Amino acid sequence: MIARSITLNTLSAGADTTASTVDSFFLAMTLARRVQKKAQEHIDALTQGERLPNMEDVESLPYIQAIVRETLRWRPAVPSGLTHSLTQDDEYDGMFMPAGTMVIANIWNMSMDSAYYPQPSEYNPDRFIENKDGQIRLKREIQNPEDFVFGFGRRICPGRHFAMKSIYISVATILAVFDISSPLDDAGDPIPPDTEYGGGLIGHPKPFQCIFTPRSESLLNLLSQQSQ
């Protein structure tokens with residue numbers, strides 16, 4: 001009974017925030033088709049279209065990791081952060097804060113800080129990667145949004161590692177199998193998606209339309225087989 005309750009609580013606590021990040025990823029892909037194509041090239045070079053990416057491929061797909069990091073930064077699931085309470089007197093930047101003071105971390109401000117992320121409103125996974133001796137790898141000097149989007153201290157998200165694995169494999173699999181695009185108007189031009197987000201503790205993009213087109217029949221079959 002205890003194990004079942006823990007499992008249920010973990011799933012329910014992370015379902016909405018994970019869904020928020022995946023929704024933001026869909027929105028980003030309709031806006032940044034260049035990023036999508038580049039990611040698919042990296043996946044295809046690794047899998048050769050003969051299989052789907054798996055968790056063992058994480059280190060071999062740094063550009064997918066960069067997409068996940070940029071999605072977390074560009075539209076953090078909980079932009080206002082959660083409330084914390086000081087257990088003892090503290091001081092920050094010359095300000096005295098007595099025990100019991102309520103403190104809220106401004107996650108949105110951290111993710112949009114141009115000192116760390118130039119042109120922060122732009123969705124750009126390339127900010128996290130570099131080409132070193134012909135090898136694509138993640139930049140160590142660029143702060144990983146995982147360090148702050150999941151909270152801090154004793155109230156840091158306990159399911160953050162599970163969430164990251166879920167988001168990574170979702171992003172890698174979807175990009176491997178599908179092209180994501182905007183619908184077209186009567187003139188054949190893409191209809192820009194609504195980039196507004198709804199209110200609430202967890203940020204979700206407002207409803208928008210996008211089209212998922214299988215990249216090939218064989219890749220779609222691989223996905224069907226994996227789902228069985």
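Residues are classed here as nonpolar (Ala, Val, Leu, Ile, Met, Phe, Trp, Tyr, Cys and Pro), charged (Asp, Glu, Lys and Arg) or polar (the others, Gly among them). The structure is a predicted model, in which local features need pLDDT of at least 70 and side-chain atom pairs count only at pLDDT 80 or more, whereas totals for chains, interfaces and linings use all residues. Residues are numbered from 1 along each chain as its sequence is written, and side-chain values use heavy atoms, with hydrogens and water left out.

**Figure 1. Overview of the protein chain.** The protein chain contains seven helices and eight strands (DSSP runs numbered from the N terminus: H or I of at least four residues for helices, E of at least two for strands). Its C-alpha trace spans about 60 × 50 × 45 Å along the principal axes. Of the 228 residues, 38% are buried (buried, under 20% relative accessible area; exposed, over 50%; partly exposed, in between; 1.4 Å probe, protein chains only). Among contacts (heavy atoms within 4.5 Å) with a separation of 6 or more, 70% join residues 24 or more positions apart.

Figure 2. A pocket is an open set of points on a 1 Å grid over the protein atoms alone, where a 1.4 Å probe fits, with protein on both sides within 12 Å along at least five of seven lines; lining residues have an atom within 4 Å of a point. The second largest pocket holds about 520 Å³ of space (the volume filled by probe spheres set on the points, which are joined across faces, edges and corners). Of its 15 lining residues, His-84, Leu-86, Asp-90, Val-103 and Phe-152 lie nearest the centre. Strand 1 (83–85), strand 2 (90–92) and strand 4 (102–104) each contribute at least two residues to the lining. By class, the lining comprises seven nonpolar, five polar and three charged residues.

**Figure 3. Packing of helix 2 against helix 3.** The axes of helix 2 (residues 33–47) and helix 3 (residues 62–74) come within 9 Å and cross at roughly 145 degrees (lines fitted to C-alpha atoms over the stretch in contact, with angles from 0 to 180 degrees between N-to-C directions). Helix 2 supplies Arg-34, Val-35, Lys-38, Ala-39, His-42 and Ile-43, which meet Tyr-63, Ile-64 and Ile-67 of helix 3. Six nonpolar, one polar and two charged residues form this contact.

Figure 4. Asn-124, in the loop between helix 4 and strand 5 (129–132), counts as buried because its relative accessibility is 18%. Beyond neighbours within four places in sequence, Asn-124 contacts Arg-34 and Glu-70. Ser-182 lies in the loop between strand 7 (178–181) and strand 8 (211–214) and is buried, with a relative accessible area of 10%. Not counting residues up to four places away in sequence, Ser-182 touches Thr-30, Pro-190, Ile-191, Pro-193 and Ile-211.

**Figure 5. The annotated residue Cys-157.** UniProt, in an unreviewed entry, places the feature "binding site" at Cys-157; positions follow the numbering used here, feature names are shortened, and annotations may be inferred rather than shown by experiment. Cys-157 occupies the loop between helix 5 (146–149) and helix 6 (160–177). Its relative accessibility is 28%, so Cys-157 counts as partly exposed.

**Figure 6. Loop residues with positive phi.** Most residues other than glycine have a negative phi. Gln-48, in the loop between helix 2 and helix 3, has a positive phi near 60 degrees and is exposed at 54% relative accessibility. Asp-133, in the loop between strand 5 and strand 6 (135–138), has a positive phi of about 55 degrees and is exposed, with a relative accessible area of 76%.
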